[in-house]
Amino acid sequence: SAFRESGDPALPAARQQAEKAIERALPEILLKAITDVPVDSQVTLGELLRTDRDVLEWFQQIHYKAAGKTGYFTPDLSGLTVRYTLRLYPDLITPLIDHQRPYRPELRLDWEPSGPFTGIVIYIPGELPEINSPRAVRLEPCLLPKIYDQELNLLAAFYMVDPEVLLTQGAVRYTDSLDEKTYQDRVGYYPMRVIARGIFGSRPTDPVIPLEWANKIRSSRDLQRLIAQGKVVIVIEPPQDTPAASTGP
């Protein structure tokens, strides 16, 4: 590299000075970096930082949790790049959790319970109708998603999930892969597979599933337990490239 070739004895000192300057600026840098992270359909982390003192105090100390790697000079030696890593779980989600045990929703008894599913997979096929809106939107991942049925009854929320699960892996896993082997560790070998019918929320973060599947969840403690254990995967179909216009045979 240019760094090794130069042999400039001043470069190690310059690296040390640059790394110290970055460390001093790190708290402000990280606060800016997390500002746009969606918490749920209502707020971002940045909005919570402005309105919730406890959340602000937590994130003012977040730089202590950031894992940094050794910096490296740019090829022209004009700058130093240092990469820091924060984990969504538990670093970002911890101050958002205030329950001790998962809430158990009322069990519906007038519906036949479902079979022994090992997880729940919800497919989001591209753009879906936005509830109470004429437009179609793509689902946006967030830290604390909710799941609704077509009558907008709430089926799943973060307070229905075990706090320890939230801290280690979150309420759901997001992916764009249709290969269930890549998330079999999360939903097992026989997941309940559901295709979402819409998206709800001020921000498009919450999938809406068919009423039939929602009633299965409401009638089954086993399915509600899967939600409490975070055994939910949301598969978001990646954007499709616009195909080239056909010129015919």
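Predicted model: local features only at pLDDT ≥ 70, side-chain atom pairs only at ≥ 80, totals over all residues.
1. Let's start with the aromatic rings. The structure has four aromatic pairs. Take phenylalanine 117 and tyrosine 190: their ring centres are 5.1 Å apart and their planes make an angle of 20°. Planes under 30 degrees apart count as stacked, so this pair is a stacked one.

2. Where do phenylalanine 117 and tyrosine 190 lie? Phenylalanine 117 is in the loop between α5 (88-92) and β5 (120-124), while tyrosine 190 is in the loop between α7 (184-187) and β11 (192-195). The pair therefore ties together parts that are 73 residues apart in sequence. As for burial, phenylalanine 117 has 17% relative accessibility and counts as buried, whereas tyrosine 190, at 44%, counts as partly exposed.

3. Now look at tyrosine 148 and phenylalanine 200. This aromatic pair is edge-to-face, with 5.0 Å from centre to centre and 80° between the planes. Tyrosine 148 belongs to strand β8 (residues 147-149) and phenylalanine 200 to strand β12 (residues 198-200), so the pair ties together parts 52 residues apart in sequence.

4. Is tyrosine 148 buried or exposed? Its relative accessible area is 13%, and under 20% means buried, so tyrosine 148 is buried. Phenylalanine 200 comes out at 22% relative accessibility, which means it counts as partly exposed.

5. There is also a cluster to find: Tyr103, Phe158 and Tyr159 are linked by ring pairs.

6. Over the ring of tryptophan 213 sits the charged end of lysine 216, 5.6 Å from the ring's centre.

7. Lysine 216 turns up again in a helix contact. Helix α8 (residues 211-218) and helix α9 (residues 221-228) have axes that come within 6 Å and cross at roughly 90°. Angles of 65 to 115 degrees count as roughly perpendicular, so that is the word for α8 and α9. On the α8 side the contact is made by Lys216, Ile217 and Arg218, and on the α9 side by Leu223, Gln224 and Ile227. Sorted by class, that gives three nonpolar residues, one polar and two charged.

8. Last, have a look at glutamate 180, in the loop between β10 (173-175) and α7. With a relative accessible area of 17%, glutamate 180 is buried. Which residues does glutamate 180 touch, not counting residues up to four places away in sequence? They are Tyr123, Pro191 and Arg193.

Terms used
Residues numbered from 1 in each chain as written. Heavy atoms only, no water. Phe/Tyr/Trp six-rings, centres within 6.5 Å; stacked < 30°, edge-to-face > 60°. Helix = DSSP H or I, 4+ residues; strand = E, 2+ residues; numbered from the N terminus. Buried < 20%, exposed > 50% of the residue type's maximum accessible area, 1.4 Å probe, protein only. Lys NZ or Arg CZ within 6 Å of the ring centre and 35° of its normal. Axes fitted to C-alpha atoms, helices over the stretch in contact; angles between N-to-C directions. Parallel < 35°, antiparallel > 145°, perpendicular 65-115°, else oblique. Contact = heavy atoms within 4.5 Å. Nonpolar A, V, L, I, M, F, W, Y, C, P; charged D, E, K, R; others polar.
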